[in-house]
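I opened the model to look up its strands, cores and helices. My notes follow in the order I made them.

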Amino acid sequence: KREAVRDLVMVGPVKRPSLIAAMPDIRGLKFLLRAGRRAFGGDNSILSAIAGELEAEGLRVIGIDSLLKELLTPPGVLTFTTPTNDVEKSIQVGLEEARKLGSQDIGQAVVIEGVNILARETREGTGDLIRRASGLARDKRNLILVKAKKPGQDRRIDLPTMGLETVQLAAENGFSGIAIEAGHSLLVDKERAIAAADAANLFIIGIEPPSNVSMILN
């Protein structure tokens, strides 16, 4: 406010602290009282409450994708490495489970092995999900990371995001591919992420909602 800022963009990872670690001041306590149960919900719940608090102060919260549209994940297979048609059902199962998980405001991603849900994202994030799934896998070559926007998610904050680090971690843990919701997710450092995926023979596919995987694969 002192610098006459009127518009705000939220971008980048934030580690969610406990209330004890955060040690809210009087202003923070007033916010918690106003936010009520939303302050103790999932990431979308608390971040939406924070955005509302900022707007109540006369500021405008803008989604990063409205400023940098090129960050949005495009539809279709993005790598030279292509998924086989037999993964179509697997990706559909993964998308349904990711949306179910998102509707509970818990996470945005799951890992599938064949048509089985191997692991679900928690508040620990996607990196933790990839490592856990790798430890549980019978055959890592069948692992696919599926990530989708939470139903009813505030698009201005916390859109599903993937970049070079996620691709490298998936490759290190033997994954065969990544499917991420097109148009409702961010693909950061796209060229390097795709190059890293191709180097590891790992596919990346953007799935359009409502998804039609067979059309995209064909």
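**Strand E6 and its sheet**

I began with E6 and E8, which run parallel and are joined by four bridges. The model is predicted, so I noted that local features need pLDDT of at least 70 and side-chain atom pairs pLDDT 80 or more, while totals for chains, interfaces and linings use all residues. Residues are numbered from 1 along each chain as its sequence is written, and side-chain values use heavy atoms, leaving out hydrogens and water.

Helices (H or I, at least four residues) and strands (E, at least two) are DSSP runs, numbered from the N terminus. Two strands pair if DSSP finds at least two bridges between them.

E4 and E6 run antiparallel and are joined by five bridges. There, Glu-113 is partnered by Leu-143 of E6.

I then read off the whole sheet, which is open, has six strands in the order E3-E10-E8-E6-E4-E5, and shows mixed pairing. E3 (76-77) and E5 (116-120) are the edge strands with a single partner strand each, so one side of each has no neighbour in the sheet. E3 pairs with E10 (residues 203-207) in the antiparallel sense over two bridges, and Gly-76 has Gly-206 as its bridge partner in E10.

**Burial and cores**

Is E6 enclosed or open? Five of its five residues are buried, so E6 is largely enclosed by the rest of the structure. Buried means under 20% relative accessible area, exposed over 50%, and partly exposed in between (1.4 Å probe, protein chains only). Leu-143, Leu-145 and Lys-147 point one way from E6, and Ile-144 and Val-146 point the other way.

I defined a nonpolar core as a set of buried Ala, Val, Leu, Ile, Met, Phe, Trp, Tyr and Cys residues joined through side-chain atoms within 4.5 Å. The largest has 26 residues, and Val-111, Leu-145, Val-167, Phe-175 and Ile-204 have the most contacts inside it. Elements giving it two or more residues include E4, E6, H7 and H8. Another core, of 14 residues, lies apart from it and includes Val-87 and Phe-203.

**Helices**

H6 (residues 126-136) and H7 (residues 164-172) pack at about 10°, with axes 10 Å apart. Axes are lines fitted to C-alpha atoms, for helices over the stretch in contact, and angles run from 0 to 180 degrees between N-to-C directions.
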